[in-house]
Structure formats: C-alpha cells, structure tokens
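User: I am new to this structure and would like to go through it step by step. Could we begin with the model itself?

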Amino acid sequence: MVSTTNLVAPLFDRVAALYDLDIVQRYTYRIEQNHVMTKLRELRPTRILDVGCGTGLLTTRMLDELSPAEIYGCDLSEGMLAKAEARSAQVNWLHGRSEDLPLPDASVDAVTCTESFHFYDKPAALAEFHRVLAPGGHAVIAMINPRLVPAQRILNWQAFGQAGWPSPREMRRLLIGAGFHDIRQSRVPRPGGPLIPNYVWVAAR
C-alpha cells in the first residue's frame, strides 16, 4: 500500500511476504476487488493506474481480465513492489506517493485504489487522481466508510493512529472538493455490519 507516513511503508515492507496468503486475501481484500473489477468492466478503460497496488494481485488481474492498452501499479512500499515486479513484467510498476503520482496529466482513463486510501492525505491524493485522469475518466475507490465517530476512532486505533476513515458523507464531500462529479457508491456485502460498511466509490473526472 502507498503511505504518506514514515511508519506505514516500512510496516508493509515487512508484511509483504505474508500479504499474498490465500486466507489474508480471501477474507480481507478479494470481495472488494471483485466489486472493483465489476465497475471496471462497466467503464471499459484502456489505461489504468492502480494506486496502492501492494504485491500486484489486483493489478495483474486487471491486466489478465481487461487487457488494457496500458496499466500501471504504484506503491510506496519497496517490499510490496519487489513482489509485484516478480509477478508480471507487463505492468508498469511505479515507486511513488499517492500525493505525488509519477505520471503526467491526463495520462489514464481509470485510477483504482483498494483498501489503502485511508492512509493518504485525502485531499492531496484525490487532487492527484483528478490530475492524472483524462477528461471523462473515473476514480474507483474501495474502502471502509464508518458511519459513526466511535467506529472511526476504533479503526484508527487499530492502525496505530496512522490512518483515517471518512464517513460516506465526508467521502462524497472530498470527491466533490477535488472536482469529481457523477459520484456513485455501492455497498460491498462483507462482515462489519451497518456501522462499518464497505463501499466502492466511482466518480467521474
């Protein structure tokens, strides 16, 4: 995952070896990834940037199932990227921060971000997503959006104070503030209950 802090990237460097375990992926990430793939099939982008790509499992799945003309995976963790690079040489792997993406303006049709957005400087990251998207492109963001402040605090405590989870209302406000429109949210059915729901957000540039 991409992180703006000095603590999170080294943490994911250390856990990179365990990240691909089937039990971790099955119960933590795969359900949301399936929803992201459904949205991408509807949008049919030809150039994709996967921000917070980790070890590249979802990025290479996009490559295999969607056959985009160009695909990029970006992460701040060198340990994660090392595993991603070993997974596929067909993806353009990038080392960089979500708040300073190493791509030119209007260079992709879709920016995806799955379960890493909570680590970012959110206004800065969304401004970068908007910048690298071509007009008519889409941001597709999957994350937990707790409805109540106590749930947000519990999640933040579990992440050692290095993350922040916006509520659905706050997430919509952030997207609008970054210049996105036609904002849609889809609930992801997974454990967590109504107070800690998961959503996939799709917003147009």
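User: Is glutamate 128 buried or exposed?
Analyst: This is a predicted model, and in it glutamate 128 counts as buried, at 10% relative accessibility.

User: Which residue forms a salt bridge with glutamate 128?
Analyst: The partner is arginine 131, and the closest N and O atoms of the two are 2.7 Å apart. Both residues belong to helix α5, where a spacing of 3 residues separates them by about one helical turn. Arginine 131 is partly exposed, with a relative accessible area of 24%.

User: Where is aspartate 105, which also meets arginine 131 in a salt bridge?
Analyst: Aspartate 105 sits in the loop between β3 (92-95) and β4 (108-114), while arginine 131 is in helix α5 (residues 122-132). The two are 26 residues apart, and the pair links distant parts of the chain. Their side chains meet at 2.8 Å, N to O. Aspartate 105 counts as exposed, at 53% relative accessibility.

User: How many salt bridges are found in the whole structure?
Analyst: The search finds 6 salt bridges. One of them joins the side chains of arginine 41 and glutamate 65, at 2.4 Å, N to O. Arginine 41 lies in helix α2 (residues 22-43) and glutamate 65 in helix α3 (residues 57-66), so this pair ties together parts that are 24 residues apart in sequence.

User: Which residues are linked with those two in a network?
Analyst: The network of salt bridges links Arg41, Arg61 and Glu65. Arginine 41 is partly exposed, at 41% relative accessibility, and glutamate 65 is partly exposed as well, at 40%.

User: Back to α5, then. Which of its residues are buried?
Analyst: They are Lys122, Ala125, Leu126, Glu128, Phe129, His130 and Val132.

User: And what covers them?
Analyst: The cover includes β1, β4, β5 and α7.

User: What about the nonpolar core: how many residues are in the largest one?
Analyst: The largest nonpolar core has 33 residues. Those with the most contacts inside it are Leu49, Phe117, Leu126, Phe129, Ile141, Leu175 and Phe180. Two or more residues each come from β1 (47-51), β2 (70-75), β4, α5, β5 (133-144), α7 (168-177) and β7 (198-204).

User: Which element gives the most?
Analyst: That is β5, which gives 5 residues to this core. There is also a second, separate core of 19 residues, which includes Cys53, Ile71, Trp93 and Ala142.

User: Why would such residues gather in the interior?
Analyst: In soluble globular proteins, nonpolar side chains tend to be buried together.

User: Changing topic: where is isoleucine 183 found?
Analyst: Isoleucine 183 is in strand β6 (residues 181-188), and it counts as buried, at 14% relative accessibility.

User: What does isoleucine 183 touch?
Analyst: Not counting residues up to four places away in sequence, isoleucine 183 touches Arg172, Leu175, Ile176, Trp201, Val202 and Ala203. Isoleucine 183 and alanine 139 are 44 residues apart in sequence, and their C-alpha atoms are 9.5 Å apart in space.

User: One last topic, backbone angles. What is the phi of aspartate 182?
Analyst: Phi of aspartate 182 is near 50°, a positive value in a residue other than glycine. Most residues other than glycine have a negative phi. Aspartate 182 has its place in strand β6 and is partly exposed, at 44% relative accessibility.

User: What about alanine 106?
Analyst: Alanine 106 has a positive phi of about 50°, although it is not a glycine. Alanine 106 lies in the loop between β3 and β4 and counts as partly exposed, at 33% relative accessibility.

Note on methods: Residues are numbered from 1 along each chain as its sequence is written. This is a predicted model: local features need pLDDT of at least 70, side-chain atom pairs count only at pLDDT 80 or more; totals for chains, interfaces and linings use all residues. Side-chain values use heavy atoms; hydrogens and water are left out. A salt bridge is a side-chain nitrogen of Lys or Arg within 4 Å of a carboxyl oxygen of Asp or Glu. Helices (H or I, at least four residues) and strands (E, at least two) are DSSP runs, numbered from the N terminus. Buried means under 20% relative accessible area, exposed over 50%, partly exposed in between (1.4 Å probe, protein chains only). A nonpolar core is a set of buried Ala, Val, Leu, Ile, Met, Phe, Trp, Tyr and Cys residues joined through side-chain atoms within 4.5 Å. Contact means heavy atoms within 4.5 Å.
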